[in-house]
Amino acid sequence: MRLTDRYTLAWQLAASLLVSMFVAGVVSVSFADELETPVQRAPVFLQVEANGETLLVLNEKSGTLMRLDLNTGEILREVPVGQSPFDLALHPDGTHCFISCRRGQEIVEVDVQTFEVRRRLPLLGDPTGLAVSGDGLRLYAGVHSLDQVAVFDLETGLEIMRLTAGNGPEWIRRSPDGRVYVTNLLSNPVAPDESCRNEITVIDDASSRVIERIILTNANIGRQIAFTADGSTAVAVISRPKNLVPMVQVARGWVVTNGFVILSPFEEMPPVQLLIDLPNQAYADPYGVVMMPDGLKFYISSAGMDMVIAVDLERVRDVMPKAISGEIPRASDHLGLSRQYVAARIPVGANPQAMALSRDSSLLFVANRLHDSISVIDTSSDIVIRTMNFGTYAETSPVAQGERFFTNAARIFQNQFTCTSCHPDNGFDGLQYDLEPDGLGRNILDNRNLRGVRDTAPFKWVGSNPDLTTQCGTRTAKWIVRTGWLRSSEVVSLAEYIRSIEPVVNPNVATDGELTSAQRRGKAFFERTRTNDGSPISEENQCHFCHSGPAFTNYRKFDVGTKAPMDSKAEFDTAHLTNIFESAPFLHDGRAATLEEIWTIHNPGDRHGISSDWTKRQLNDLVEYLKSLGAAEGSRR
């Protein structure tokens with residue numbers, strides 16, 4: 001048995017034991033310390049409690065909620081809550097909280113005092129950010145893979161409506177003025193030659209209706225958002241990819257830039273995007289943001305550089321009018337501008353994401369997700385004064401090492417980006433890129449989803465890389481990161497981590513795995529061997545010939561008539577169909593915005609399946625079936 005398999009098996013056994021203990025009600029305090037197998041917690045959310053003496057910590061990988069003593073660093077209580085917890089929202093009465101569990105497809109209500117689970121609210125999809133309404137009667141929950149916000153009636157525990165958000169709702173927070181802001185991870189759909197357009201969705205809390213969609217041009221990967229105490233200013237973290245120019249820009253420090261957007265809800269002022277980067281030093285993957293109560297400073301965590309950035313908000317406000325008027329040209333791309341408003345750059349632990357202020361705001365607590373620790377920053381000096389370690393993280397496992405390489409920018413030229421920058425949440429950014437080796441302006445390629453990719457070799461759209469170690473090795477070093485990159489053994493660890501990435505749970509599959517009537521019709525149509533008039537379809541033009549096997553790919557290349565004028569080759573790797581419902585846009589260059597467009601627009605010669613005889617109902621049924629392909633087992637309740 002390989003080392004990675006032993007770690008995986010050990011973790012599965014430990015997780016099964018914890019779930020059994022939870023159901024039986026016999027889980028003890030600090031249960032992870034009792035296990036022989038190392039347990040990685042991966043803290044992703046922090047909340048200082050009202051007493052100011054304890055900290056609530058939500059752990060992604062161990063699936064637990066714990067209470068930490070801020071004076072001693074001791075774990076006072078820890079209980080399992082669900083699979084892949086993401087966010088926590090405290091009820092206004094302070095007695096209970098709600099926790100979103102992405103793989104569990106549920107929201108868990110927990111008594112804050114006793115840590116007992118009060119109830120579990122099932123949800124169709126993978127819940128992300130949470131916010132409780134001002135009156136405490138409703139709960140807003142982002143549903144990432146369905147681009148929706150679910151609204152729950154907290155008295156009955158029932159879902160009462162779904163609102164359409166942007167692409168991949170990420171973080172939800174209620175502003176002091178009574179509006180609910182939803183950041184979205186990915187750009188709204190755009191054509192391959194158009195700039196990305198990230199959305200911040202604004203909901204009126206009183207009516208639970210979407211009242212505004214703030215579009216951030218050239219922005220992507222929206223993460224957390226924070227507000228000044230009076231609600232007059234909001235800060236959200238973003239990245240600014242330059243995917244419309246060739247990747248030679250890596251050498252110029254300009255492929256991905258990292259920063260934030262300032263919103264001014266009370267003023268007639270457009271959103272202003274600014275960077276935290278320097279001309280020769282980037283701060284990859286901005287993630288968390290926390291605002292000081294006096295509104296003079298805010299903090300951003302750079303998850304890719306293991307840094308926290310302190311930003312002077314008053315100096316930002318001085319820059320904003322000049323950026324809007326054009327007095328500072330292209331301020332949102334100005335790599336030297338951050339010198340005017342960044343007050344400090346503070347090294348912390350590995351992969352910092354969540355942050356929280358102490359009750360008196362004198363301390364900032366930073367959750368180091370891949371170090372199972374919390375850095376404590378003195379907000380007056382902006383210096384780390386203490387680190388609280390609470391994990392038994394298995395740092396020596398190949399998968400754990402690979403995840404550090406995947407999420408860290410230290411070995412990339414000028415630290416501009418990480419694997420996560422283009423594959424956020426282990427998925428994809430929905431954009432297209434022009435890589436240099438085959439000539440500038442040629443062979444534009446859509447970025448591919450890494451969830452569930454392990455058994456889908458060969459890699460690249462032209463199928464030229466036989467395995468993940470080839471994909472992640474010398475080619476990546478030469479054409480993407482532009483550095484010495486990783487040693488051979490480190491590339492193997494990175495590949496092991498990518499192989500470990502699971503598909504998201506598919507909300508288009510019933511809990512019992514049964515297909516709907518439309519999906520059954522779509523399956524039969526997918527497997528058809530004759531056209532509607534009875535004519536035989538050649539074997540190579542039947543859907544299930546190319547898209548066969550567990551991952552719905554036969555691992556071969558075919559010419560299906562999608563060669564573009566600037567493409568060098570006509571044959572492309574057969575894409576796997578695992579969780580294709582979340583992988584838009586489609587085709588090798590992302591030209592098809594939806595599954596329907598593959599055949600209604602981009603298959604005029606019937607080379608990508610015989611589609612010229614399809615009825616509208618047949619197309620709808622086929623799409624319903626395709627959306628059902630993917631992971632459903634092992635994560636549904």
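How many bridges join strand β19 to β20? The answer is given below, under the heading on strands.

## Model and confidence

This is a predicted model, in which local features need pLDDT of at least 70, side-chain atom pairs count only at pLDDT 80 or more, and totals for chains, interfaces and linings use all residues. Residues are numbered from 1 along each chain as its sequence is written, and side-chain values use heavy atoms, with hydrogens and water left out.

The predictor's confidence in each residue, from 0 to 100, is called pLDDT. Its mean for the protein chain is 90, and 91% of the residues reach 70 or more. Over residues 1-36, pLDDT stays under 50. Where pLDDT is low, the predicted coordinates should not be read in detail.

## Strands β19 and β20

Strands and helices are DSSP runs numbered from the N terminus (strands: E, at least two residues; helices: H or I, at least four). Strands pair if DSSP finds at least two bridges between them. Strand β19 (residues 256-263) and β20 run antiparallel and are joined by 4 bridges. Ile-262 stands opposite Val-272 in β20.

In a regular strand the side chains alternate between the two faces of the sheet. From β20 (residues 272-275), Val-272 and Leu-274 point one way, while Gln-273 and Leu-275 point the other way. All of these residues are buried, a term that means under 20% relative accessible area (1.4 Å probe, protein chains only).

## Helix α3

Helix α3 (residues 398-407) is mostly covered, with 7 of its 10 residues buried. Among them are Glu-403, Phe-405 and Phe-406.

Terms used. Buried means under 20% relative accessible area, exposed over 50%, partly exposed in between (1.4 Å probe, protein chains only). Contact means heavy atoms within 4.5 Å.
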